[in-house]
Structures are given as structure tokens and as C-alpha cells.
Amino acid sequence: MNKKFSRIVYLAVLLVIPILGYLQWGRDVAVCSSNPNIFSNGSLEEISIIANKLYIFDREKFAKYVLQRCADNSFREVRFSYDLSGYPNEVHITVYMNRAAWKWRKKAFEIRWISEEDKHYNIVENPEKYRIEIF
């Protein structure tokens, strides 16, 4: 009985570890909504994303990754229209851990990429003029 129990535990662990690995690292970030706001002196991009992670260990590193994806326009679900108004002057991102959290509107955190100086800079040509705020 003891050997049988230890084999069942061993098999359960062998099944759970790959599932947890997939849930943490096997899925890509998904955009669930995007709202561009264009003003006379610039533009603001508001984005809601699903991180598809169990936990985000380094929020600043994750924020830089998502902002780079915005600048590269490399999300699968949405293409930003940078040709009409240019790159945005400010980006606000709401992060949800998974689709259920998004449906229930339980955000994990927010990312804001804000210019420290004049708003006439954009996120691609002058990234050094911006700061990341995470809250």
C-alpha cells in the first residue's frame, strides 16, 4: 500500500509540474482592449492586457517587455494605427493575470509610461524622456 501511494504521488507531481510550467511560461500576453485617444497636442493609448501568468515576479521587467511590444506593434490580437497620428505620447496599460480576472475586472496592476517633460515626445523616438509608473 505504501509503495502504491508513493507511485501515485510521484505521478501526480510529474503531471502537475508541466501544467504549472505551461500556465506560467507557455502562454503569450494577450490584448483584450485598446482605446486610442487623439488630442491636438498628442495621443494617449489605453490598453488592457491579459498577462496569462500565475504570478509576475518582476513587474518593472514585465512593464518594459509590454511597452516594447507596444512600440514594435507586435501583439497578435491588435494592430495599433501609428501611421495616422504617429506614436503615442503616453501609454496606460491595465494588467489582468488571466481571462477570469479580466471578466471580473480584478486588475493585477497598472502601468503608465509618462513623459517627464514636454508632451511632444513619443515613446519610440525618445524613450529616455519617459518614466514607468507601476501601481
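This report describes the strand sheet, the aromatic pairs and a nonpolar surface patch of a predicted model.

## Basis of the model

In this predicted model, local features need pLDDT of at least 70 and side-chain atom pairs count only at pLDDT 80 or more, while totals for chains, interfaces and linings use all residues. Residues are numbered from 1 along each chain as its sequence is written, and side-chain values use heavy atoms, with hydrogens and water left out.

## The sheet

Strands of a sheet pair through backbone hydrogen bonds, in either a parallel or an antiparallel sense.

Phe-39 has Gly-42 in β2 as its bridge partner, whereas Ala-30 stands opposite Ile-50 in β2.

## Aromatic pairs

Four aromatic pairs are found in a search of the whole structure, where rings of Phe, Tyr and Trp (its six-membered ring) pair if their centres lie within 6.5 Å, and planes under 30 degrees apart count as stacked, over 60 as edge-to-face and the rest as tilted. One of them joins Phe-75 and Phe-80, whose ring centres are 6.3 Å apart with planes at 90 degrees, so this pair is edge-to-face. Phe-75 is buried, with a relative accessible area of 1%, and Phe-80 is buried at 7%, where buried means under 20% relative accessible area (1.4 Å probe, protein chains only).

Trp-113 and Tyr-130 have ring centres 5.5 Å apart and planes at 50 degrees, so their pair is tilted. This pair links distant parts of the chain, with Trp-113 in strand β4 (residues 109–115) and Tyr-130 in strand β5 (residues 130–134), 17 residues apart. Both Trp-113 and Tyr-130 are buried.

## A nonpolar surface patch

Val-16, Leu-20, Trp-25, Leu-54, Tyr-55 and Phe-57 form a nonpolar patch on the surface, together having about 710 Å² of accessible area, computed by the Shrake-Rupley method with a 1.4 Å probe and only the protein chains shown as cover. Patch residues have over 30% relative accessible area and no salt bridge, with nonpolar side chains (Val, Leu, Ile, Met, Phe, Trp, Tyr) joined within 5 Å and like charges within 9 Å; a salt bridge is a side-chain nitrogen of Lys or Arg within 4 Å of a carboxyl oxygen of Asp or Glu.

Definitions and conventions:
Buried means under 20% relative accessible area, exposed over 50%, partly exposed in between (1.4 Å probe, protein chains only). Helices (H or I, at least four residues) and strands (E, at least two) are DSSP runs, numbered from the N terminus. Two strands pair if DSSP finds at least two bridges between them.
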